[in-house]
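Please read the following note alongside the sequence and the model.

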Amino acid sequence: MMNLTPEQIAAAQKANLETLAGLTNQALKSVEKLVELNMQIAKNSLSESMSNAKKALEVRDVQQLITQQAEMIQPMAERMMNYGRDLYEIAQDSSHAFTKTAEAEFAANQKKLQSMVDEWTKNAPAGSDAAVQMMKQAIAAANNSYETSQKAIKHAMEVAQANMQNAADTVTKAASKAAKASKKSSE
């Protein structure tokens, strides 16, 4: 077995600390983006609410009120879908950053493990070839399993993104049709 030196332990702790700092910074960036998005939505909503309130005070009959409300449906639906897309992008960016870090850590640990196995096999007692081969096969199987799961996760994320885009397009089209239909019925 290979013994770890104090320098190797210190290097591992330093690497872990750097990884933690990187992940923490990424999480803070994501929170910052989310706060900025929500502040922008709040400002726009306040401005729009004031504008709509002023328009509502100018309404002279029920038909005009119905028309005005129908005209607000499509822009509101579009803003909600844009907000959903923005949230999804923030989450996806964070996920990509965390995944990239996890993949880098996995690759580094994989190299360390392979180095340890190579060192161990150099110093392995005679007749332990079967055990060495079994260990190498177990490592290869674990690596294959990890790669397969990563591919499945990436595929699932691509499918989810496509589904979200389709849903957003459908809602926007439906809101547009509803607004047009309402406008036509009020004319």
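Is Lys33 buried, partly exposed or exposed? Lys33 is partly exposed, with a relative accessible area of 38%, where buried means under 20% relative accessible area, exposed over 50% and partly exposed in between (1.4 Å probe, protein chains only).

1. The model is predicted, so local features need pLDDT of at least 70 and side-chain atom pairs count only at pLDDT 80 or more, whereas totals for chains, interfaces and linings use all residues. Residues are numbered from 1 along each chain as its sequence is written, and side-chain values use heavy atoms, with hydrogens and water left out.

2. Two salt bridges are counted, a salt bridge being a side-chain nitrogen of Lys or Arg within 4 Å of a carboxyl oxygen of Asp or Glu. One of them joins Lys33 to Asp93, at 3.8 Å from N to O. Asp93 lies in helix 2 (residues 62-122) and Lys33 in helix 1, so the pair ties together parts that are 60 residues apart in sequence; helices are DSSP runs (H or I, at least four residues), numbered from the N terminus. Asp93 is itself partly exposed, at 39% relative accessibility.

3. Glu48 and Arg79 form a salt bridge in which the closest N and O atoms are 2.3 Å apart. This pair links distant parts of the chain, with Glu48 in helix 1 and Arg79 in helix 2, 31 residues apart. Glu48 is partly exposed at 24%, and Arg79 is partly exposed at 32%.

4. Met39, in helix 1 (residues 6-57), is partly exposed, with a relative accessible area of 46%. Together with Val31 and Val35, Met39 makes a nonpolar surface patch of about 270 Å²; patches are made of residues with over 30% relative accessible area and no salt bridge, nonpolar side chains (Val, Leu, Ile, Met, Phe, Trp, Tyr) being joined within 5 Å and like charges within 9 Å.

Methods
Areas by Shrake-Rupley, 256 points an atom, 1.4 Å probe, with all protein chains shown as cover. Helix = DSSP H or I, 4+ residues; strand = E, 2+ residues; numbered from the N terminus.
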